[in-house]
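Thanks for coming, everyone. Please have the viewer open, and let's walk through this one together.

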Amino acid sequence: MSYVEGTLSQGEEIKEKVRLHWVNYLFTWFLCLLVFLLVLLWLVDATLRQSLECQIFVGVAVLWAVYDYLRLATIEMVITNKRVICKKGIISVKTQELKTNKIESVEIKQSILGRILGYGTLMFSGTGTAKVRFAAVDNPWEVKSQVETIIESYAN
């Protein structure tokens with residue numbers, strides 16, 4: 001069971017699970033490719049096999065790739081009929097929540113690359129200083145229209 005599913009209140013149901021865009025995983029893929037190439041070199045070259053620096057570098061790169069993958073895999077961005085929730089964290093958890101009836105605006109920020117590849121950041125602003133940020137999500141315009149539909153359907 002996910003964190004968000006465990007914190008749903010009575011009568012609350014998940015309407016949309018927002019996905020991260022594949023561009024978030026590029027650094028992790030790059031690290032995995034680098035480790036793969038170094039291991040191939042390590043198998044071919046006997047002097048490289050005995051290099052402590054190479055072994056340390058491969059070990060650090062593997063740990064970094066695993067950490068980065070887990071960090072991204074544990075991000076939950078969910079829209080329910082009552083709240084917008086963003087949860088981040090592997091061991092320690094940080095959440096941002098905003099009730100849907102308190103949302104005043106939904107803003108999309110997209111770079112040129114984001115426009116080309118189809119990702120962007122959604123900012124939900126509420127009354128006062130409350131904000132929830134969904135970073136680098138897939139199809140931000142579609143998510144925005146779904147959020148607005150949910151807000152309108154439960155406002156009436």
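The protein chain has 6 helices and 7 strands. Helices here are DSSP runs of H or I with at least four residues, strands are runs of E with at least two, and both are numbered from the N terminus. Along the sequence the pattern reads α-β-α-α-α-β-β-β-β-α-β-β-α. The radius of gyration is 20 Å, well over the 15 Å that the globule rule gives for 156 residues, so the chain is more spread out than a compact globule. That radius is taken over C-alpha atoms, and the rule is 2.2 Å times the number of residues to the power 0.38.

A word on where this comes from. This is a predicted model, where local features need pLDDT of at least 70, side-chain atom pairs count only at pLDDT 80 or more, and totals for chains, interfaces and linings use all residues. Residues are numbered from 1 along each chain as its sequence is written, and side-chain values use heavy atoms, with hydrogens and water left out.

Now the overall numbers. The C-alpha atoms fill a box of roughly 70 × 35 × 25 Å, taken along the principal axes. The accessible surface comes to about 9800 Å². Carbon and sulfur atoms own 61% of that surface. Areas come from the Shrake-Rupley method with a 1.4 Å probe, and for residues only the protein chains shown count as cover.

How many of the 156 residues count as buried, in percent? The figure is 36%. Buried means under 20% relative accessible area, exposed means over 50%, and partly exposed is in between, with a 1.4 Å probe and protein chains only.

Next, contacts, meaning heavy atoms within 4.5 Å. Take those between residues at least 6 apart in sequence: 51% of them join residues at least 24 apart.

On to the sheets. An open sheet of 4 strands runs in the order β1-β2-β3-β4, with antiparallel pairing. Its edge strands are β1, residues 14–18, and β4, residues 94–99, and each pairs on one side only. Neighbouring strands are turned by 15° against each other on average, direction ignored. For such angles, axes are lines fitted to C-alpha atoms, for helices over the stretch in contact, and angles run from 0 to 180 degrees between N-to-C directions. Pairing asks for at least two DSSP bridges between two strands.

Strand β2, residues 76–80, and strand β3, residues 83–88, pair in the antiparallel sense over 4 bridges. V78 has I85 of β3 as its bridge partner.

There is another sheet. Three strands form an open sheet in the order β5-β6-β7, again with antiparallel pairing. β5 (103–109) and β7 stand at its edges with a single partner strand each, so one side of each is left without a neighbour in the sheet. The twist averages 20° from one strand to the next. β6 and β7 pair over 6 bridges. One detail to find: G120 has V137 of β7 as its bridge partner.

S125 lies in β6, residues 119–126. S125 is buried, at 12% relative accessibility. Leaving aside neighbours within four places in sequence, S125 is in contact with L98, K102, I103, E104, S105, A130 and K131.

A136 is found in β7, residues 131–138. A136 has a positive phi of about 50° although it is not a glycine. Is A136 buried or exposed? At 14%, A136 counts as buried.

N139 also has a positive phi of about 50°, and is not a glycine either. N139 lies in the loop between β7 and α6 (140–155). N139 is partly exposed, at 35%.

Now H21. H21 sits in the loop between β1 and α2 (26–44). At 1% relative accessibility, H21 is buried. Not counting residues up to four places away in sequence, H21 touches L117, G118, Y119, A136, V137 and D138.

R115 next, in helix α5, residues 112–117. R115 is exposed, at 58%. Outside four places in sequence, R115 touches Q110 and W141. R115 and E148 are 33 residues apart in sequence and 21 Å apart in space, C-alpha to C-alpha.

Last, the cysteines. The structure holds 0 disulfides, a disulfide being a pair of cysteine sulfur atoms within 2.5 Å. C32 is partly exposed at 42%, whereas C86 is buried at 2%.
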